[in-house]
Amino acid sequence: MRYLTFALAKGRLAKKSMELFEQIGITCKEMEDPATRKLIFVNEELKLRFFLAKAPDVPTYVEYGAADVGIVGKDTILEEGRRMYEVLDLGYGKCRMCVCGPEPARELLKHQELIRVATKYPHIAKEYFYNQKHQTVEIIKLNGSIELAPIVGLSEVIVDIVETGSTLKENGLKVLEEVCPLSARMVVNQVSMKMENERIGKLIGELKSVLCME
Ligand code: PRP
């Protein structure tokens, strides 16, 4: 039997994902060592391999088939636009993609003014403003701490993830519009879905029944 390879987005999602896998009897002892510098972890018994990658790289590994299965946020899936199957909403990592800014920026959004939008998600922002709202905006790509942009005058608004809302609140910003809800998703390589249909189908079924019970 060949290895089934899983790519997990590093960080909070990976931890949650391993907890979920544990509930269906999939464990990976090697991965639990916090000091390890290893990149890939194996469960010999079940012929499974796991690796951690930066979230935006997970869809890349899955599209090319270097990973059969991936677990990653819907934000990353939308932004990367890779060819793969999204098979399951895992229900955790729930948050929202929003247009945020200081309260006065609400007027600028209403009146279709030419505004600047800072974001880590230029494709999502483009799709929202150009194709849904039909508003011409200038999109500025940033890599983190997006909330800074309207505060220092780089942009009028931002498109960013809102989870608890505390980052916005502490910086005097508000949710002005909601783009879409987000959560962790399981994605599968298109060829793997056919070649490993039995194993992947069983995995999806087991995960579904555990998720239903929660
Ligand atoms: C994300 C997001 C917001 C924050 C939202 O940033 O970009 O800044 O979390 O969470 P909250 O609504 O619970 O405050 P992340 O911590 O991933 O880091 P980043 O600034 O590098 O994007």
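Q: Among contacts in the chain between residues at least 6 apart in sequence, what percentage join residues at least 24 apart?
A: That's 68%. Keep in mind that this is a predicted model.

Q: What makes up the chain, in terms of helices and strands?
A: You're looking at nine helices and eleven strands. The C-alpha atoms fill a box of roughly 60 × 35 × 35 Å along the principal axes.

Q: Why is K133 called buried?
A: Its relative accessibility is 18%.

Q: Where does K133 sit, and what does K133 touch?
A: K133 is in the loop between α5 (122–132) and β8 (138–141). Leaving out residues up to four places away in sequence, K133 touches L109, Q112, Y128 and E177.

Q: What makes the K133 and E177 pair a polar contact?
A: Their side chains are joined at 2.9 Å. The cut-off for a pair of N or O atoms is 3.5 Å, so this pair falls within it.

Q: Why is L148 called partly exposed?
A: L148 comes in at 49% relative accessibility. Exposed means over 50% and buried means under 20%, so L148 lands in between.

Q: Which residues surround the ligand?
A: The surrounding residues are K120, G144, S145, E147, D160, I161, V162, E163, T164, G165, S166 and T167.

Q: How do you know that the side chains of K120, E147 and S166 have an N or O atom within polar-contact distance of a ligand oxygen atom?
A: Set each distance against the 3.5 Å cut-off. For K120, a side-chain N or O atom is 2.7 Å from a ligand oxygen. For E147, the distance is 2.6 Å, and for S166, the distance is 3.4 Å. Each value is within 3.5 Å, so each pair qualifies. As for cover, the ligand has 490 Å² of accessible area on its own, and the protein covers 69% of that.

Conventions: Residues numbered from 1 in each chain as written. Predicted model: local features only at pLDDT ≥ 70, side-chain atom pairs only at ≥ 80, totals over all residues. Heavy atoms only, no water. Buried < 20%, exposed > 50% of the residue type's maximum accessible area, 1.4 Å probe, protein only. Helix = DSSP H or I, 4+ residues; strand = E, 2+ residues; numbered from the N terminus. Polar contact = N/O pair within 3.5 Å; in protein donor to acceptor, adjacent residues only side chain to side chain. Contact = heavy atoms within 4.5 Å. Near = heavy atom within 4 Å. Areas by Shrake-Rupley, 256 points an atom, 1.4 Å probe, with all protein chains shown as cover.
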